[in-house]
Amino acid sequence: KLSASALACINRLFHTFTRVATMINEALLPDEVQWYIRTHDLQTELPRILNGVLKEMPDDPLDHVVWETARLTASTPLWSELEPVPGSDPLALRFQVVVSCRGQRIVMDSFSLGECLKPNEVAEAPPPVAEKPARGAGSKGKPAAADSKRPSAELEAPKTPLEVATDSLASARLLRKIRALFQELFNASFKGKSVQSFLEGAVAAEELFIAAPAIEAPPSSNLRWEASAAFGRFIDQLLSGAARSMGCNRLDFLRAQFSSHGFVEVSPSLGSLGDLAAWEERWPHIALPLFHGGGPGPLKAPSLRIAASVSAFVGQASHGSKVPPDFKGRCPSLGWLASASEVLGNAEAEVAKVLQGDKASAAMVVDGVAYGHATGLLKSFEIAQDVLKKALGEVMPKECSGILLAAADEAFLEAEGLYEMEAGKKLSMEQLVDLYAQLSENGWLKTIIRPFRDEDMVAGCRLLLAKRPALCLLARPDLAVPPEIEAPEQDAAASPSQQQPHVPFGRLSQLP
């Protein structure tokens, strides 16, 4: 139920907007007035705001109108004030965030730092009074049973009026200092600036907060405060106010903030079906090794792995899709992780069966683990792709790719200065580059990790990228490649399919 004042406000708004709508329908309005109304879409927006008030019935309808109207303005709101909420409990430390838009003062948010105040357990207390042995105590001076059961509160002397007043005054001084600190932080870092400068303000406020003298609770105060928690909540609530003033949620506001500061890896919005198109290439891939190095196989490096990576869409056909058929963009079905894992698990088992079916390579399988075909890397890659093509069919080129954890540093022979990736085949750095180029010729192999030893990393990667610009090369899964390694410029005359994006060094989350 709405209060009488709220109903009165809605009644006034209804009559005001009705007059506006009637005026808009008048054919005798001057041309410039009609043009102005159409340009700013007043005949649509003002009734929409009124309908929103009638639908939601907020306790403060005028506040709702101001808030909805502020969302339509092209002007960026400015931080105005951080002020105590009038009439609030002093212990609650309640503040309200005020912004100004076109000269209008708007309260965008209110919050409390009261939860950061805790009882001061180390407050000074009078020294304990030594107790005399009670009559009837045993030989070791233990008190009588009746006295030992007395509540401790009865043994404490009640506080005098002076002690209570001291506690109150000390706590009041602490609260005033805390309130003044956060208002000073706001005034120095945010006031008068655009809400779009939130990140700069937050950084400046943090620097001032760290440099500010610590506010310690007086020994006589019955309160203490958690400074770091209070500052975190202060910034968090300013974020809420900034987002609300821009008519968006906190996540979208932060996303826009990071994007405007040049953070290219900020994920796009994912709040509705319409956002899925931008996410189609961002869903994670799942990888599983199909061949292992070391063991009885010919692949020398024990850490070498030939892995297959499948997208989140490999099980789409079997599970069905809940996305409308005319929708541009895809979303993984429920159970996609299980589907991807099942595809890879079956491929791993099938690779082992293929090797066991060949007399020359049957011994290369131990406890279901395939240690590479007897003839080496090229045949192992061929078997892996054949198995996956049979499992995935036509979607294999789009939904599946290869990863080679080369571990070339383990295959390097220091005495000879050569790489022995396969038993009995010793390669120079240039010959190893040619081997990688041959493995990635058909485009299935997209990522090579640890392709060379550290000393050859820059020179080897430069040579390899000259041959295969689309390859993703990683010195380690968690280590970026030196910035001086760049792919050569691609031929401008090449077709779009030949001009592929290049990620010289990245992280596992960026693997194709």
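The legends below describe close-up views of a predicted model of one protein chain.

**View 1**
The chain holds 17 helices and 15 strands. Of its 512 residues, 38% are buried.

The mean pLDDT of the chain is 77, and 72% of the residues reach 70 or more. Residues 20-25 stay under 50; the model has seven contacts beyond four places in sequence for this stretch. Residues 160-166 also stay under 50, and here the model has three contacts beyond four places in sequence. Where pLDDT is low, the predicted coordinates should not be read in detail.

Is strand E7 enclosed or open to the outside? Five of the six residues of E7 (residues 305-310) are buried, so this strand is largely enclosed by the rest of the structure. Strand E6 (residues 286-292) pairs with E7 in the antiparallel sense, over six bridges. In this pairing, Leu288 has Ala308 of E7 as its bridge partner. Strand E10 (residues 400-405) also pairs with E7, again in the antiparallel sense and over six bridges. Here Ile306 has Leu404 of E10 as its bridge partner.

Strand E12 (residues 418-422) is joined to E11 by two bridges, and the two strands run antiparallel.

How many aromatic pairs does a search of the whole structure find? The search finds 14. In one of them, the ring centres of Phe198 and Phe253 are 6.1 Å apart and the planes stand at 70°, an angle over 60, so the pair is edge-to-face. Phe198 lies in helix H8 (residues 198-211) and Phe253 in helix H10 (residues 250-260), so the pair ties together parts that are 55 residues apart in sequence. Phe198 has a relative accessible area of 4% and is buried. Phe253 is buried as well, with a relative accessible area of 2%. Both residues belong to a cluster linked by ring pairs, together with Trp79, Phe186 and Phe190.

**View 6**
Which residue in E12 does Phe412 stand opposite? Phe412 stands opposite Tyr419. The two residues also form an aromatic pair, with 5.0 Å centre to centre and 65° between the planes, which is edge-to-face. The relative accessibility of Phe412 is 11%, which is under 20%, so Phe412 counts as buried. Tyr419, at 1% relative accessibility, counts as buried too.

Key. Residues numbered from 1 in each chain as written. Predicted model: local features only at pLDDT ≥ 70, side-chain atom pairs only at ≥ 80, totals over all residues. Heavy atoms only, no water. Pairing = 2+ DSSP bridges. Helix = DSSP H or I, 4+ residues; strand = E, 2+ residues; numbered from the N terminus. Buried < 20%, exposed > 50% of the residue type's maximum accessible area, 1.4 Å probe, protein only. pLDDT = per-residue confidence, 0-100. Contact = heavy atoms within 4.5 Å. Phe/Tyr/Trp six-rings, centres within 6.5 Å; stacked < 30°, edge-to-face > 60°.
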